[in-house]
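Hi there,

Here is the structure I promised to pass on. Have a look at it first, and then read on for my notes.

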Amino acid sequence: GYRPPGTLIRYSYEIRDKAGRVVRTPEKQHLYLDESLDWVSVSEGLLTVYYYGDFVEKRARTVLEASQETMDNMGNLLGILPTDPIRIISYSNYRDMSRGLPFRSQAVREELETQGQAWARERVLLVLSSGTTVTGIASHEFTHILVAEAAGRFIANVPSWLNEGLAEFGNVDPTPVYDRALAYAVYTRRLKPLWQMHDFGGQPDDILIGYGQGLSVIRYLIAFYGEEKIAELLEEFR
């Protein structure tokens, strides 16, 4: 039953009595957020960033600008024109963010700090805005929402190398870590064929290599076949 913070819940009540009479209330909406935090928001077009705390509005606008730039860049590449709102929940620290994440075991929580998550069905992006890489994290995760929209209800069939490769290709503030991981994998002969990369797994190094390899393949496909073929590829998944 998990729903990410930022989910827009639509609800109404239907009341029946013993005589068979029915009363239906008008539909209302509730924006699900952590009520222990004092949320405010900034918006542009379809995008709204919710944030809280003093002196963090500038960071929230940075997240908003990165998301808007990503939508402008990748919308054309993926052949989509989003029309439904997207909500971005910006956390000032990981302690607050961890309360809104899906349950994970204690061991996983201690080893892994989630800095961004995309929830395409709810059209929600969760992002930790306190780090120096927030622009890249927001852009990468935002691209996942766009890829899911392009693939439609068949997003589960999109392999990880393609999904993550597109997400990093759309990143407006990339880091060299994935290129370095790919170079290391080439040197040590650790590359896998694409058909083995529908889902990423294994050690953390293997996942970094998968991101780098997916990005490299996307770059190759665009250079060799042209950008318009990416939209056609996602259309095939529909």
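Which strands does α4 lie across? Before you look, please keep in mind that this is a predicted model. The strands are β6, β7, β8 and β9, and α4 runs at about 160 degrees to β9.

Those strands belong to an open sheet of 5 strands with mixed pairing, in the order β5-β6-β7-β9-β8. At the edges sit β5 (39-44) and β8 (116-119), each of which pairs on one side only. On average, neighbouring strands are turned by 15 degrees against each other, direction ignored. Inside the sheet, β6 and β7 run parallel and are joined by 4 bridges; Y50, for example, has I89 in β7 as its bridge partner. Another helix, α1, also packs on the sheet: α1 touches β5, β6, β7 and β9, and its direction makes about 155 degrees with that of β6.

Now to the nonpolar cores. The largest has 37 residues, and the members that touch the most others are L78, F142, L166 and L234. Several elements each supply at least two residues of this core, among them α1 (57-78), α4 (134-151), α5 (160-169) and α8 (228-237). The largest share, 9 residues, comes from α4.

Leaving aside neighbours within four places in sequence, L78 is in contact with L146, V147, A150, L166, I230, A231 and L234. There is also a second, separate core of 13 residues, which includes L33, W39, Y91 and L126.

Key: Residues are numbered from 1 along each chain as its sequence is written. This is a predicted model: local features need pLDDT of at least 70, side-chain atom pairs count only at pLDDT 80 or more; totals for chains, interfaces and linings use all residues. Side-chain values use heavy atoms; hydrogens and water are left out. A nonpolar core is a set of buried Ala, Val, Leu, Ile, Met, Phe, Trp, Tyr and Cys residues joined through side-chain atoms within 4.5 Å. Buried means under 20% relative accessible area, exposed over 50%, partly exposed in between (1.4 Å probe, protein chains only). Contact means heavy atoms within 4.5 Å. Two strands pair if DSSP finds at least two bridges between them. Axes are lines fitted to C-alpha atoms, for helices over the stretch in contact, and angles run from 0 to 180 degrees between N-to-C directions.
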